[in-house]
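Work through the exercises below with the sequence and the model open side by side. Try each task before reading its solution.

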Amino acid sequence: MYVAVKGGEAAIANSEMLLAETRRGDPALPEIGTAQIASQLSLAVDRVMTEGSLYDRELAALAIKQAQGDLLEAVFLLRAFRTTLPRFGASEPIDTARMVVRRRISATFKDVPGGQILGPSYDYTHRLLDFSLLATGGAPADAPRAPVDPGPMPHVLALLDREGLIEPERDSDAGAPVPDVTRDPTTFPTDRATRLQALARGDEGFLLALGYSVQRGYGRNHPFAGEIRLGEVEIEFTPEELGFPVTIGAATVTECEMVNQFKGSAKEPPQFTRGYGLAFGHSERKTMSMALVDRALRARELGEDVEAPAQDEEFVLYHADNVEASGFVQHLKLPHYVDFQSELVMIRGMRAAAAAGAPTAEPPLRVAVGED
Amino acid sequence: MSSRPLLQVRGVTRRYGPRVGCREVSFELWPGEVLGVVGESGSGKTTLLKCLSAQLVPDAGAIVYDTRDDGPRDIFALSEPRRRLLARTDWGIVHQHPVEGLRMGVSAGANVGERLMAVGARHYGRIRGQALDWLGRVEIPRDRIDDLPRTFSGGMLQRLQIARNLVSRPRLVFMDEPTGSLDVSVQARLLDLLRGLVAELGLSVIVVTHDLAVARLLAHRLMVMRGGAVVEHGLTDQVLDDPQHPYTQLLVASILHP
Amino acid sequence: MDGYNFAYLDEQTKRMIRRALLKAVAIPGYQVPFASREMPLPYGWGTGGIQVTASIIGADDVLKVIDQGADDTTNAVSIRRFFARTAGVRTTERTAEATIVQTRHRIPEAPLRDDQIIVYQVPMPEPLRWLEARETETRKMHALAEYGVMHVKLYEDVARHGRIATAYDYPVMVSGRYLMRPSPIPKFDNPKMDRSPMLQLFGAGREKRIYAVPPYTTVRSLDFEDHPFDIQRWDQRCALCDAGDSFLDEVIVDDRGGRIFVCSDSD
């Protein structure tokens, strides 16, 4: 008897064994360790932690190893683990002004209090393949480090704020509980806190393309990179039984503050506006894109026309999540033969009617109601 | 003629921040009457039309409509479902640009039939029959019923929009520069058609236009607006032939008499 | 399974989902937003149905999982294995034995009883989505029962094709109030939903919506009086069991276009 394309349990088990074999690769080579991934593929780990919404280098490295380096699959693994974790509460807001800075640049001022610190960056490297990395061996020479300036490093935008040149960063509802897009269904219209959460989890490529579209004129908002800083911040948590915050650890984050086109009206004098981006680890492309899209999504709040894709919150938030997108695109691999059979019956019927001279003279054009 | 007005407008004011859209507008519209609202662009006539048709909420004033079931009611005191129902059954809105008032992705027949289906018509043959009838009445060839609007000329689109509105037999129709998007050559034909339909159906109409020729042809009465306020109000012939307000005199003088 | 709760979800999440289910049952056909969790299976592969099943399943339940009507398709196997692993419940391929049937794209041919629950996996819950992209607007349309535009679509079908050209995921009115997508089941299955003794639960994980049709609720497929709703019929009978009243899958058996028809329901 003909066996339809229906896979049994055995087929799935075999497929998983083949996958494990492929993952291991050539057994003659040493197996890669998660510590190596965490340390030497650190930017991949940063992206997986950011989009996976879980700050754990070891688990992110494990996810990357298990996913054979497929970062979206790794994000998915980390998210599926995260969802099972109990929630103790929300930390205190991190204070990035008190960040132990490793890199800090501003494109808006030549010099700023605390100075510009280039830090580690690909920005000025010449993208020439370094064939010396083909060989393994020697450690790189120690990079020279200037003595750390213990002085304060205020946010560049805070300097503009002092003059009233930029809209103040207001906490619209300081006492309100922190929204959690992973625990509450998003309803529209959304507030900015919800949007920023969704953007932080959003796919870097999608946000990059949207941010780029803003620059090219689809919802143009004249951005300047006010400040980008990378470094370590303390995480503080207030346990109910203590009633005061205690430090529970530190996290590496990248923060981007964009300065955008000013607005003004009869009542308000012109001011610059803001876009904000924050991500785990060293993720400049992500935070800059996020800040551009954050600002674009504030169009309604700032009285601008919502015309471009990046300004449309339903469009952006419904499509930014790569775990959702990847699942739904790839579900087309699942069998659809009942739907397809229904269409076959339909189209054969219509063609038969057409051949018999019935009304359908033009080739059938389908207006789909259902598609999945 | 009925013993009470179809629409009573009292002190309608709408501001945009510090700027005035329209100010203290009051009038009555009687069944079967066509009221023209004229003035240059920026005079507040479109803002007024949007308030009257419940597309904009006025800051002050009352708009009382004589509903079929419950008599005179302030439209903004009605629940939103009732107001939306009113707008798509008892009212019609003819936009200046037909694409704003049409569904460009579905056929002409579906465009005309939509209002019927919205109020529960479920017999395809009868819906199609009425659509065919209305295409005929607005002089669109009946064999175009299954064509998409994008294949229509500007004049045909505007006539299709009119059919789509009138199919539900509204009592009150709002028109915003109905000939504004058309070539002069097709304007006359559309005006002729509109005048015929209005008389035949006994429609009440509020038509906003900057074109005094349109106003003269369609309107029984005229309101002249400037800077958001009504500066003159009277029978059309009176206002156009013997304007009292200096602004109206200027307006009338600026066009060539036929 | 070690380290995970019974049926994977923690009890707090299950309670949240059950609250959404109760609301859904109380308002037949209304889409209740719920805080869909990230599941270890991909979005679009049944995460909504899995969360609903995980929230209602108990140790005594007997679970049947079908995809395209069959128990042995890969995704059905995968989901059944997930529950066998995380809940240790008994599974079955017999419709009559199951207390819960989770399904994708079919309703079993054998009628379900009032002590059985069917859980549908829903990819896109919003019936108005193809006519209106905005959630804010579609919610308002539901609230005001402004569904005329749905018939505009059906009108277009009849005008173009001489018939309503929707073969699956065919929209229905539930209890005369809410327009609902039955999920991508063939319209052949639509009549089975009407006034059925079974409790019907729908889960859309990615879109974060739950809805329900309580037992004995009217479910009417949209149509015109002069173009009434009609289901697919086959000239053939099932090549395996000779059934003449079931939904048939077409199976191509050689490269010369030879084909046979077999029941989509493997029970």
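**Exercise 1. Aromatic pairs**

Task: Find how many aromatic pairs the structure holds over all chains, then classify the pair of Tyr124(B) and Tyr155(C).

Solution. The model is predicted. Over all chains it holds 17 aromatic pairs. Tyr124(B) and Tyr155(C) form one of them, with 5.2 Å centre to centre and 40° between the planes. Planes under 30 degrees apart would count as stacked, and over 60 as edge-to-face. The pair of Tyr124(B) and Tyr155(C) is therefore tilted.

Task: Classify the pair of Phe202(C) and Tyr211(C), and decide whether each residue is buried or exposed.

Solution. The centres of Phe202(C) and Tyr211(C) are 4.7 Å apart, with 5° between the planes. That angle is under 30 degrees, so the pair is stacked. Now take the accessibility. Phe202(C) has 0% relative accessibility, so this residue counts as buried. Tyr211(C) also has a relative accessible area of 0% and is buried.

Task: Name the residues that ring pairs link into a cluster in chain C.

Solution. The cluster consists of Tyr4(C), Tyr8(C), Phe82(C) and Phe83(C).

**Exercise 2. Charges over rings**

Task: Find the rings over which the charged ends of Arg177(C) and Arg206(C) sit.

Solution. Start with Arg177(C). Its charged end sits over the ring of Tyr178(C), 4.2 Å from the ring centre. Then take Arg206(C). Here the ring belongs to Phe328(A), and the charged end sits 3.6 Å from its centre.

**Exercise 3. A hairpin in chain C**

Task: Describe how strand 11 and strand 12 of chain C pair.

Solution. For one bridge, take Glu250(C): its partner in strand 12 of chain C is Phe261(C). Finish with the turn. The hairpin has 6 residues between the strands, and Gly257(C) takes a positive phi near 85°.

**Exercise 4. A covered helix in chain A**

Task: Determine how many residues of helix 7 of chain A are buried, and what they pack against.

Solution. Helix 7 of chain A spans residues 192–201 and is mostly covered, with 8 of its 10 residues buried. Among them are three arginines: Arg192(A), Arg195(A) and Arg201(A). Leu196(A) and Leu199(A) are also buried. The packing partners in chain A include helix 3 (42–52), helix 5 (71–82), helix 8 (204–215) and strand 4 (271–280).

**Exercise 5. The open sheet of chain B**

Task: Give the strand order of the sheet and find its edges.

Solution. The sheet is open and has 6 strands, in the order 6-7-8-3-9-10, with mixed pairing. Strand 6 (91–94) and strand 10 (229–235) of chain B each have a single partner strand, so they stand at the edges and one side of each lacks a neighbour in the sheet. From one strand to the next, the twist averages 15°.

Look inside the sheet. Strand 7 (residues 172–176) and strand 8 (residues 204–209) of chain B pair in the parallel sense over 5 bridges. Phe174(B) stands opposite Ile206(B) in strand 8 of chain B.

**Exercise 6. Salt bridges**

Task: Find how many salt bridges there are over all chains, then characterise one in chain A.

Solution. The count is 74 salt bridges over all chains. In one of them, Arg103(A) meets Asp123(A), with the closest N and O atoms 3.0 Å apart. Arg103(A) is in strand 1 (residues 100–105) of chain A; Asp123(A) is in the loop between strand 1 and helix 6, 20 residues apart. Arg103(A) counts as buried at 0% relative accessibility. Asp123(A), at 41%, is partly exposed.

Solution. Asp241(B) lies in helix 9 and Arg216(B) in helix 8 of chain B, so the pair ties together parts 25 residues apart in sequence. Asp241(B) is exposed at 52%, and Arg216(B) is partly exposed at 30%.

Arg104(C) is buried at 2%, and Asp67(C) is buried at 0%.

Methods. Residues numbered from 1 in each chain as written. Chains lettered and ligands numbered in written order. Predicted model: local features only at pLDDT ≥ 70, side-chain atom pairs only at ≥ 80, totals over all residues. Heavy atoms only, no water. Phe/Tyr/Trp six-rings, centres within 6.5 Å; stacked < 30°, edge-to-face > 60°. Buried < 20%, exposed > 50% of the residue type's maximum accessible area, 1.4 Å probe, protein only. Lys NZ or Arg CZ within 6 Å of the ring centre and 35° of its normal. Pairing = 2+ DSSP bridges. Helix = DSSP H or I, 4+ residues; strand = E, 2+ residues; numbered from the N terminus. Contact = heavy atoms within 4.5 Å. Axes fitted to C-alpha atoms, helices over the stretch in contact; angles between N-to-C directions. Salt bridge = Lys/Arg side-chain N within 4 Å of Asp/Glu carboxyl O.
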